[in-house]
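Please look over the sequence and the structure shown here before reading on.

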Amino acid sequence: MTPKPATPVAPVRGAEKRAWQRMLSGRRLNLLDPSPLDIEIGDIAHGLARVARWNGQTIGAHIFSVAQHTLLVEAVLRTQLPRADDRIRLAVLLHDAPEYVIGDMISPFKAVIGGSYKAVEKRLLSAIHVRFGLPPVLPAEFTAWIKAADAGAAYLEATRLAGFKDAEARKFFGKPPHLSETAEADFLTPWAAGKAEKRFLARFEALKPV
């Protein structure tokens, strides 16, 4: 006797779609309405150390993580703005923090999908800022400094790790920053995830409000 095919199970109508992610800390972070109380620096460091920049298209035995990128951006900022106080440096360190939840989406794809990604990213970043003593929306000069340092770091990553030629990188990211050879050798050698996480946390501890 031929068995009857299984009847497909229809989705439950009205079932609530999950819009939160459970973190290793035990927190449940709602992406649509993120609460600063559900944000932990350990979750951020752990996640960013495991998110690849450049969609993983970089040289080296390890991915070049977003955690390492943020440390590079902060190092670039110190060369561009030597008198920057710890609040600015902390804002730089956290500028890509939402990516511990939503990943690092490359700029070309952001342009394709439009504003939805940006809206979620902004809500998360505002909650992260509040959690760690920064204003929900940064002053315009903070944003300008972060963008300049971020572009400088992107130039270095593009040419040292991602296969860009100098002229191409200058077209997209501007002039290269003045980073010492020692700093370049350190920050542009991809680290293992555990090292990236540890160094991100150490820098956060040095910059966080007392």
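Arg27, Glu40 and Arg131 are joined in a network of salt bridges, where a salt bridge is a side-chain nitrogen of Lys or Arg within 4 Å of a carboxyl oxygen of Asp or Glu. The model is a predicted one, in which local features need pLDDT of at least 70 and side-chain atom pairs count only at pLDDT 80 or more, while totals for chains, interfaces and linings use all residues. Residues are numbered from 1 along each chain as its sequence is written, and side-chain values use heavy atoms, with hydrogens and water left out.

**Overall layout**

The chain contains 10 helices and two strands, which are DSSP runs numbered from the N terminus, helices being H or I with at least four residues and strands E with at least two. In sequence order the elements follow the pattern β-β-α-α-α-α-α-α-α-α-α-α. Of the 210 residues in the chain, 40% are buried; buried means under 20% relative accessible area, exposed over 50%, and partly exposed in between, with a 1.4 Å probe and protein chains only. The chain exposes about 12100 Å², and carbon and sulfur atoms supply 57% of that area, as computed by the Shrake-Rupley method with a 1.4 Å probe. Among contacts (heavy atoms within 4.5 Å) with a separation of 6 or more, 65% are between residues 24 or more positions apart.

**The nonpolar core**

In soluble globular proteins, nonpolar side chains tend to be buried together. A nonpolar core is a set of buried Ala, Val, Leu, Ile, Met, Phe, Trp, Tyr and Cys residues joined through side-chain atoms within 4.5 Å. The largest such core here has 54 residues, of which Ile44, Leu72, Leu94, Tyr100 and Phe200 touch the most other members. Several helices each supply at least two residues of this core, including helix 1 (41-48), helix 7 (140-160) and helix 10 (193-207), and helix 2 gives the most, with eight residues. Leucine 94, when residues up to four places away in sequence are not counted, touches Ile41, Leu125, Ile128, Phe132, Leu134 and Phe200.

**Salt bridges**

Glutamate 184 is buried, at 18% relative accessible area, whereas arginine 160 is partly exposed, at 36%. Arginine 199 lies in helix 10 and aspartate 186 in helix 9, so this pair ties together parts that are 13 residues apart in sequence. Both of its members are partly exposed, with arginine 199 at 28% and aspartate 186 at 26%. Lysine 208 is also partly exposed, at 36% relative accessibility, as is glutamate 205, at 43%.

**A loop with positive phi values**

Most residues other than glycine have a negative phi. Tryptophan 54, although not a glycine, has a positive phi of about 60 degrees, and it sits in the loop between helix 1 and helix 2, where its relative accessibility of 18% counts as buried. Asparagine 55 is found in the loop between helix 1 and helix 2, and its phi is likewise positive, near 55 degrees.
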